[in-house]
Amino acid sequence: MRRTACCLLAISALLPAYAAEPVDEAYIRSLAAPGRTVLVMECYDGHGQVSERKGYASASGFKAISATAFRVAANLTVRLFGIEPCEGDMVNRKEEFAGTCDDYARHGLETLLQSPRVIFCRAFVSESGGSVQNATCYGYYHYPGSLDTIDMFEEELVSLGSHRIAKRPDGSLARPDLKEAEAIGRRGYGMWADPRVAAQ
């Protein structure tokens, strides 16, 4: 029994951040600060409770450093969990893009990072203190009179076709919660406009 409990605890500690409770949108909106992009990183323990919370603010925003990661501070990079670009090159004639899958995906992430007032990320408890932390992130976008929304980064990127769901070594989906988003992307958006990508 004790061994089973230890195994369950180890498994729960490795569960991705998206398994936690739904985000509190009012709380995320309350984090906004004039003239700054605010980022809050929360780490969850094996019981779904917040074990650590850190805040950052930038007057110039946060910048993508790869197709799935962006720099928060000198000692912290956030990597979006469970998504990836396609492999090799791709073409999307509607968007007049021809180049590498990595470049296309990085541009998608850069676009999401351009204007959020708040970025709220949930990280693995096992990643706490690491210089690169896997997380799932949400952006709060607010334009008075036209837009007031909180969107999950991974869901947006996958539904737009700039990224796809990554697979675990056993072939299962790393993010089954994003299956509906990928189904939208596969209708011909982004990378899926290229038949070579669909065949991968």
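Leaving out neighbours within four places in sequence, Ile-119 is in contact (heavy atoms within 4.5 Å) with Thr-37, Val-38, Leu-39, Val-40, Phe-62, Phe-70, Leu-113, Cys-137, Tyr-138 and Phe-153. Welcome to this predicted model, in which local features need pLDDT of at least 70 and side-chain atom pairs count only at pLDDT 80 or more, while totals for chains, interfaces and linings use all residues. Residues are numbered from 1 along each chain as its sequence is written, and side-chain values use heavy atoms, with hydrogens and water left out.

**Nonpolar cores**

- Ile-119 is also one of the residues that touch the most other members of the largest nonpolar core, along with Phe-70, Cys-121, Cys-137 and Phe-153; this core has 38 residues.
- A nonpolar core here is a set of buried Ala, Val, Leu, Ile, Met, Phe, Trp, Tyr and Cys residues joined through side-chain atoms within 4.5 Å.
- Among the elements giving two or more residues to this core are E1, H3, strand E9 (118-124), strand E10 (132-143) and helix H4 (153-159); helices (H or I, at least four residues) and strands (E, at least two) are DSSP runs, numbered from the N terminus.
- E1 gives the largest share of this core, 6 residues.
- Another core, of 8 residues, lies apart from it and includes Met-90, Tyr-104, Met-191 and Trp-192.

- Glu-42 sits in strand E1 (residues 37-44).
- Glu-42 counts as buried because its relative accessibility is 3%, where buried means under 20% relative accessible area, exposed over 50% and partly exposed in between (1.4 Å probe, protein chains only).
- The side chains of Glu-42 and Arg-53 make a polar contact at 2.8 Å; such a contact is a pair of N or O atoms within 3.5 Å, and within protein one must be able to donate a hydrogen and the other to accept it, while residues adjacent in sequence count only if both atoms are side-chain atoms.
- Glu-25, in helix H2 (residues 25-30), counts as partly exposed because its relative accessibility is 37%.
- Between Glu-25 and Ile-150 there are 7.1 Å in space, C-alpha to C-alpha, although they are 125 residues apart in sequence.

**The largest pocket**

- A pocket is an open set of points on a 1 Å grid over the protein atoms alone where a 1.4 Å probe fits, with protein on both sides within 12 Å along at least five of seven lines; lining residues have an atom within 4 Å of a point.
- The largest pocket is lined by 13 residues, and Tyr-104, Gly-108, Thr-111, Leu-160 and Ser-162 lie nearest its centre.
- Helix H3 (residues 101-112) provides the largest share of this lining, 5 residues.
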